[in-house]
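Hello,

Here is the structure I promised to pass on to you.

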Amino acid sequence: MAKILVVDDSMISRINLKKILVAEGHEVVGEGGNGVEAVKKFSELKPDLMTLDITMPEMDGLEALKKIMSTTPGAKVVMISALSQNAKIVEALKTGAKNYITKPYEPSQVLKVIKDAVI
Amino acid sequence: MQIKENVGRLAQHVPTFSVNDSGKVIHAHFEKDQDNEGVVVMDGETPVGIIMRQDFYQKIGKQYGFSIYMNRPITLLMKENVMKVEADTEVAEISLLAMNRNNEHLYDFIIVIDNGKYIGIVSIKYFLIDLAKKREEDFALLRDMTNSIKNLMDNADQGFLSINSQFAISDQYSRECVDIFSQEISGSNLMTLLDPYINDDQREVYNSVVETILGEDNTIDERIYISLLPKEIIINEKYISFDYKLIDDSSGRALMLILTNITDKKELEKQMFEERNHLRLIVKAVTNQSDLLASIEGLKEFFRNTAGEIIKNGADKAAVLSEIFRTVHTFKGDLGHLRMMNASKQLHELEDKLAIMVASVESTSLSDIEQLFIGVDPEAILEKDIAIITNTLGEDYLQASEAITVSLESLNALEQRIKDILPADEQQKILPEIRKLKCTDFKEVLADFDESVQNIALRLEKGVDALEITGEPVLIDKNQYGSYIRSLMHIFRNAVDHGIEAPDERVDNGKSEFGHIVCEVKPLDVQRFMVVIRDDGKGVDVERVKEKALQKGIITSDQLNTINEAHAIDLIFRDDFSTKDTVSMLSGRGVGLSAVRSELHKLGGSIMVKTEFGAGTEFIMEVPLLS
């Protein structure tokens, strides 16, 4: 089971995602509400994997991803996105994100993507 | 002929069903597994036929098709005349054998058996892809078979084409592509062809994904990239589904596109969707007549008079706009909840226009709002939904001031239609509604509020667990308690809005993130029962209630110091008391906690409230049992 950092600007989204991850036995080691927190907490907590929302205030998920990949090239990041953001997801994949999850999501789909990405 | 390969290699597993299964089972399967092309029908261990997705939808799409096939055995739907081959048949023979079939069977699965024992099927679609993949090494074979493959491809109801990294379409494509694009596509560029039908995001995704997956980098997972490509595009008013496969072309890698015209299926889905919505509306109309009539009247009144008055009397246009916007939004929600989807959709469009005005309030004038409303006719908004109701329940429905009387016969007919048309999980929700038209357990009445509670919580960005209903059954005739039951909405709304805290606040206070509401029902004696609604929110702030009452002149400053806690809490039941500063849609209608008390008094019951600041609020109601 993996140590996971959950980054999303919506509290409700974080709660829902945490519920899904914890029920499967993963450990949520930290949470963040914007890109600045994502970068800071990723380097502090060194999680096995981070879920990263694309649209966030202050610094969006793409910019945070670029910073993280430049300092930690092997970082395992799964993007969380709303519908009609496919172009941004492609950019994230090219930057080094492992995979993506589109909201609204099914728990089983989330767990499969996380499992594949952690390996 | 270079190939000495067995067809067994191509055999795939697809779901199998028994001859005893009904059409409904197949329908459920195809709806659930959208990628599945077809299934095999087994009689014990022996394959006796196949059902291809496309045939299935064609059959049930015909007039009466749905009702004819759904409850009958699938043997009526299956094709028995299916090609069967032994697993050691050479692959090269397959296309020739397949080509000898009639056009209408051309795309059917081929059943593969090994010494009489069923081992799987060959899908022509994947067979073609497999052939295309091996194109280079199979060159000699392919040259001989070009015509037969072309024939196969052209007779398919699918468009096959492949592109290189520059989006140039290769020369081999099937005839269906020409039908789909309504033009010859030879030598065309795919992006030029698709340009009028896709948006900026899709265009960028195509460019970026195709460049990446057909590029040099071998470390990427192409499946993830391909999953981001558009799956459905409307081309010349036809719904076309897009499927993608990476293939190795003689000149390098290529992306194969498989295009299927699914317009008929979409049309059928739309009809089914509408039919289901009609039925849902009729069910609501039967079970919630007074709500529905009140909403219809409320909407008419708002558009005919109230909106005009708000505009005329409002000094501040921002406040006027916000009041009107909120009201339209609430009506939209109410009508949506009552399944009046056509009206709800039109209000949604109106709401969009108002949202633009709200966003640019500086450049909007009151006469702009007035103009917008002059063009809105409430009768026209309601027309379609009302017609759906009166077509089934008769014109009397709208006149009825008393509870609607539905004959047992039409209730049974309605029940049967629900069973035929609606999905099983929804049937389980609706059927008890219909059955309990006569007699209802009060616990179920309370359980019905869960949907609204969740909607309110969602709107307020709060989390609330599903309502916990405890206690013992109390059977009542719902019609006799209609107004009281509706008034309970205000207790739930208050609990979510004012009681239960935002998730972060709850966590800070050492509570679980999700709020919890418990409803308890139990009989007290032969004449009365008790209803308790309890939340674990922040409780009533008695000091604030007192302050508010003082401001509103309900109590004097002398009373402020002498009033005891129980009496202070009681103030929240007064008509003139509201801790909300703005007049909302619901309080504008004159309801609130005072409504609960007055409804209870009408029935001869009573209510009291217990609260602990920080820990929660409990409403305890004693309700008479009416015979």
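This is a predicted model: local features need pLDDT of at least 70, side-chain atom pairs count only at pLDDT 80 or more; totals for chains, interfaces and linings use all residues.

The cores first. The largest nonpolar core has 60 residues. Those with the most contacts inside this core are A:Leu52 from chain A, together with B:Leu161, B:Phe181, B:Tyr206, B:Phe242 and B:Leu255 from chain B. If you click on A:Leu52 and set aside its neighbours within four places in sequence, you will find it in contact with A:Val7, A:Ala38, A:Gly61, A:Ala64, A:Leu65, A:Val77, A:Val78, A:Met79 and A:Ile80.

Now to where the chains meet. On the chain B side, 18 residues are in contact with 17 residues of chain A. About 1,500 Å² is buried between the two chains, and carbon and sulfur atoms give 64% of that area.

As for polar links, eight residue pairs are in polar contact across the interface, counting pairs with both residues at pLDDT 80 or more. The count of salt bridges between the chains is one: B:Glu513 pairs with A:Lys18, with the closest N and O atoms 3.4 Å apart.

Which elements of chain B give two or more residues to the side that touches chain A? They are helix H9 (200–213), helix H10 (222–226) and helix H23 (503–508). The largest share, seven residues, comes from H9(B). By class, this side of chain B has seven nonpolar, four polar and seven charged residues.

Best wishes

Definitions and conventions:
Residues are numbered from 1 along each chain as its sequence is written. Chains are lettered from A and ligands numbered from 1 in the order in which they are written. Side-chain values use heavy atoms; hydrogens and water are left out. A nonpolar core is a set of buried Ala, Val, Leu, Ile, Met, Phe, Trp, Tyr and Cys residues joined through side-chain atoms within 4.5 Å. Buried means under 20% relative accessible area, exposed over 50%, partly exposed in between (1.4 Å probe, protein chains only). Contact means heavy atoms within 4.5 Å. Buried area is the accessible area (1.4 Å probe) that two parts lose on being put together, summed over both. A salt bridge is a side-chain nitrogen of Lys or Arg within 4 Å of a carboxyl oxygen of Asp or Glu. A polar contact is a pair of N or O atoms within 3.5 Å; within protein, one must be able to donate a hydrogen and the other to accept it, and residues adjacent in sequence count only if both atoms are side-chain atoms. Helices (H or I, at least four residues) and strands (E, at least two) are DSSP runs, numbered from the N terminus. Ala, Val, Leu, Ile, Met, Phe, Trp, Tyr, Cys and Pro count as nonpolar, Asp, Glu, Lys and Arg as charged, and the others, Gly among them, as polar.
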